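Trainee: I would like to learn how to read a few local features of a model. Please take them one at a time.

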Amino acid sequence: MMTYPTIVYARALDCHKSPHNVRTQSDADADAELEANIGETGIILENLIGVAVARKKGKFEIYGGGRRLDGTHANIAKGKLDEDFMVPVLVAKNARDAIEMSLAENYFQLPMNPADECRAFKSIIEREKKVPADLAKRFGKTERFVLGRLRLADLAEPVFSALRMGEITLEVATAYAHTSDTDRQAKVFAQMDQGYYRHNPNEIRRAVASGSYKGGDPKAILVGRDAYLAAGGSIDADLYTNQFTELWRDGNLVDKLAEEALAQAAAAIRDREGFAEVRTIPATTIPYSETFQLTRLVGEPAPLAPEVEARKAEIEAELAEIEGHAEEADGYTEEQSERIEVLEEEIGAIIDTAEVITDEQKASAIAYVMIGKDGQPCVYEELFVAVSEDPDEVDEDEDVDGDDETIETGEDETEAPAAEHYSQKLKDELAMMKTELLALHIANDPHFALDLGTFIMVDDACRLGYYGMPSELRARAPSPRVSGFTSDTPAAQAWAKLDDALDRSWINHTEIHERYDAFCALEDSARAAWLGWAVARTLHAVPEGMTGSSFLNHLGAKLGIDVAAWWRPTARNFFDRITKPAILKLFEAIGGIELKNRYAASRKFDLAASSEKLFAGQVIADAEVKERALAWLPGPMRFAVEDAEIDATLFGDAPVAANDPAPVEPEPAHDEEPITLPKAA
């Protein structure tokens, strides 16, 4: 005959947990939730399992339900339950039976399905007319947790069914709940169902948020939450982040309101500043395609404050003194070079700030109004003027290199052109800047990069041990040729933007095959961007004349890179690195003996600064001289070998810096018509 264990009620304080309790490990958060539930409801939902203590009437040693007993004791200690609070105890005959029953209770316990949990919360809210705060208090959860479960209860039916059937995890379901638009949830679920990313929360969140904005986006800040809602916009209050990441679902409405706000700001700025034209860009950056056909407006020199003028004179005097000592010693010491660099940086800052835009210049200027990082309209730091279309100003048939007209240099024209002479370090730096430009153009032409990458791989495999290829095709960037060198050229800045724009959503997966599958699931354009980036970053910076430089020149010519549009010689990156006679020789080649004589008495520092402005087209000069200056590039910065040979005479007899190695003659390259491609963005 079957016997049933006895269930009695005993004072909780007369029960103690056995050291032989089956469960020895627990979870602090779960224990706190259980304690809160007992304190709120005053109910022990399951019997404790215990054995009567011998010779101590009413005392029990608990082998099962130790967490429930601890929670009850804690509530009594806090005064939430009376000291005489009774708990149900299922009394076993002995410790062996109690342990066996406790083990069975824990072993066969089935966790609640997350979908059932969500719907249960929703049912309590609806049937008992409770609020989320009530449920949070009852179950020992935060109100945020309860709101999250209620949000999941309202998932689109296909998504919720998948959660109920265990086809997706709670984390994946939460990703779909990133938007409350159930139609959007169902659409994304159908799209992702058979793809690589069907169980990737990050990609799901990205997909459901497509076509919308986050509350912290500069464009959303510009529009303003109240204005967006007043215009009929809808917002998903994100339960898992904060107000800056709430989802503004109507992206088209945000774009429209942002453009209207910028248009109003632009009109006010034009009236206030007197610009000829104010253009609006509803973004936080100005794309290169907007300004590449315009000319940057250069302001008029502004008078310096007396103390600044005095400091400038002190710096010039010290630089002249250093240069005088260097001429006597036939070279600069390391301390002198370091001091010159510090002084030039200081005086450069003085010169850079000594510029103002006059009202007359503003009257012909084009300004751009964009969205600042803080979400406020702001005027782009540079002003522009439209390039003149008067055919009389520029003769399209005129050779910009000026080789249709012989410039008198006082040299025997029958002599063969001599090679350019630069220090090895300068050639290395020029090679790095030139290769940055080549890498940028390869990265912006994925089809070219694919062909190049395939060729480098098979060529390396076939030649077995041949190391003349100027590339490291394992996508490992080579060590910089000049340690610590930073060019800060437009090409380097554009490369940084390109790098930031790469889709890195696949990187954070733990397993290799997961990262592989995630990468394969990227859009074609995203994978193509990675290909261009991977191939381009492997290129070596090879100085002109060294093995591999002719191949880099050939690539640049095929890409049709307009170096002069991306790089101009400045005092810092070029003119400070060559001698004063070499600069004057270049002035003579560009503008004749008159231009050379005009600057012959200038100090080296002033001459370098003047050279920078001349070759940037920022000084008043004849149209022919200005064209030659804007088109000129040092040979090591050119990709087309034939163009470099044209300018070889410019430095034919330029002095060579002390201890500079003799230049290496470049390898011959085959003549080939460059492919015409649009400028890189």
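Mentor: Searching the whole structure gives eight aromatic pairs. Rings of Phe, Tyr and Trp (its six-membered ring) pair if their centres lie within 6.5 Å; planes under 30 degrees apart count as stacked, over 60 as edge-to-face and the rest as tilted. This is a predicted model, in which local features need pLDDT of at least 70 and side-chain atom pairs count only at pLDDT 80 or more, while totals for chains, interfaces and linings use all residues. Residues are numbered from 1 along each chain as its sequence is written, and side-chain values use heavy atoms, with hydrogens and water left out.

Trainee: What form does the aromatic pair of Tyr 176 and Phe 189 take?

Mentor: A pair of aromatic rings is described by the distance of the centres and the angle of the planes. For Tyr 176 and Phe 189 these are 5.8 Å and 65°, an edge-to-face pair. The pair links distant parts of the chain, 13 residues apart: Tyr 176 is in helix α8 (residues 170–176) and Phe 189 in helix α9 (residues 182–192). Helices (H or I, at least four residues) and strands (E, at least two) are DSSP runs, numbered from the N terminus.

Trainee: Is Tyr 176 buried or exposed?

Mentor: Buried means under 20% relative accessible area, exposed over 50%, and partly exposed in between (1.4 Å probe, protein chains only). Tyr 176 has 1% relative accessibility, so it counts as buried. Phe 189, at 14%, counts as buried too. In another pair, Phe 574 and Phe 575 have ring centres 5.3 Å apart and planes at 85°, so that pair is edge-to-face.

Trainee: At what angle do helix α1 and helix α5 pack?

Mentor: Two packed helices are described by the angle between their axes and the distance between the axes. Axes are lines fitted to C-alpha atoms, for helices over the stretch in contact, and angles run from 0 to 180 degrees between N-to-C directions. Helix α1 (residues 28–41) and helix α5 (residues 132–139) pack at about 110°, with axes 6 Å apart. That makes α1 roughly perpendicular to α5 (under 35 degrees is roughly parallel, over 145 roughly antiparallel, 65 to 115 roughly perpendicular and the rest oblique). From α1 the contact (heavy atoms within 4.5 Å) is made by Glu 33, Ala 36, Asn 37, Glu 40 and Thr 41, and from α5 by Lys 137, Arg 138 and Phe 139.

Trainee: What is Asn 37 in contact with, leaving aside its neighbours within four places in sequence?

Mentor: Asn 37 is then in contact with Gly 42, Arg 138 and Phe 139. Its relative accessibility is 12%, so Asn 37 counts as buried.

Trainee: Where does Arg 55 lie?

Mentor: Most residues other than glycine have a negative phi. Arg 55 has a positive phi of about 60° although it is not a glycine. Arg 55 lies in the loop between β3 (48–52) and β4 (60–64), and at 83% relative accessibility it counts as exposed.

Trainee: With which side chain does the side chain of Lys 17 make a polar contact?

Mentor: A polar contact is a pair of N or O atoms within 3.5 Å; within protein, one must be able to donate a hydrogen and the other to accept it, and residues adjacent in sequence count only if both atoms are side-chain atoms. The partner of Lys 17 is the side chain of Asp 70, at 2.8 Å. Lys 17 is found in strand β2 (residues 15–17) and is partly exposed, with a relative accessible area of 39%.
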